[in-house]
Amino acid sequence: MRERTEHGGFPPVLIVHMGSPEEGERFFAERWPEARAVSDEERALYAAFSLKRGTAGQLLGPRVWMAALKAALLGHGVGAPVGDPLMLSGWFLVRGAAVVWAHLHEHAGAERRWDDLLQAHREARGEGAPV
């Protein structure tokens with residue numbers, strides 16, 4: 001994500017995590033010092049954006065195992081869980097007080113939809129599709 005957001009045209013990113021503020025500071029200091037991140041230990045924002053806990057299939061199904069294998073082959077690992085490890089994630093594009101685009105992950109191994117997010121960002125700015 002860091003590499004993608006550093007290129008022009010990407011909307012400002014705010015990462016919400018379930019760790020304590022101190023855990024978030026340690027995590028991002030090592031991985032992305034410039035990141036804007038907030039702690040939501042009580043998961044109030046998760047609830048406000050209708051994010052849910054995953055089912056057994058969403059957390060351990062074949063699509064998740066395939067995504068884990070792909071990530072492992074790319075050199076990515078899994079750290080110790082922080083917060084609720086059963087919570088699924090999502091991406092949201094917010095303009096003012098309105099959510100103009102949302103993608104709630106169908107399973108724990110869901111890939112990021114970069115192109116969809118960028119297109120929604122362009123449309124929200126009145127730019128339309130790229131040429």
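Does L45 count as buried, partly exposed or exposed, and at what relative accessibility: which is it? L45 counts as partly exposed because its relative accessibility is 37%. Here, buried means under 20% relative accessible area, exposed means over 50%, and partly exposed lies in between, with a 1.4 Å probe and protein chains only.

A word on the source. This is a predicted model, where local features need pLDDT of at least 70, side-chain atom pairs count only at pLDDT 80 or more, and totals for chains, interfaces and linings use all residues. Residues are numbered from 1 along each chain as its sequence is written, and side-chain values use heavy atoms, leaving out hydrogens and water.

Back to L45. It sits in helix α3, residues 44-48. Helices (H or I, at least four residues) and strands (E, at least two) are DSSP runs, numbered from the N terminus. Together with L14 and V38, L45 forms a nonpolar surface patch with about 230 Å² of accessible area. Patch residues have over 30% relative accessible area and no salt bridge; nonpolar side chains (Val, Leu, Ile, Met, Phe, Trp, Tyr) are joined within 5 Å, like charges within 9 Å. The areas come from the Shrake-Rupley method with a 1.4 Å probe, and for residues only the protein chains shown count as cover.

Now the inside. The largest nonpolar core has eight residues: F10, W91, L93, W101, W114, L117, L118 and A120. Helix α6 gives the largest share, four residues. Such a core is a set of buried Ala, Val, Leu, Ile, Met, Phe, Trp, Tyr and Cys residues joined through side-chain atoms within 4.5 Å.

Next, the strands. β3 (residues 90-95) and β4 (residues 98-104) run antiparallel, joined by six bridges. Strands pair if DSSP finds at least two bridges between them. W91 stands opposite H103 in β4. Two residues lie between the strands of this hairpin, and G96 takes a positive phi near 65 degrees.

Last, charges. Side chains of opposite charge can pair when their charged atoms come close. The structure holds four salt bridges. Each is a side-chain nitrogen of Lys or Arg within 4 Å of a carboxyl oxygen of Asp or Glu. One joins D84 to R53, with the closest N and O atoms 2.7 Å apart. This pair links distant parts of the chain, 31 residues apart. D84 counts as buried because its relative accessibility is 9%. R53, at 48%, counts as partly exposed. Another salt bridge joins R113 and D116 at 2.4 Å, N to O.
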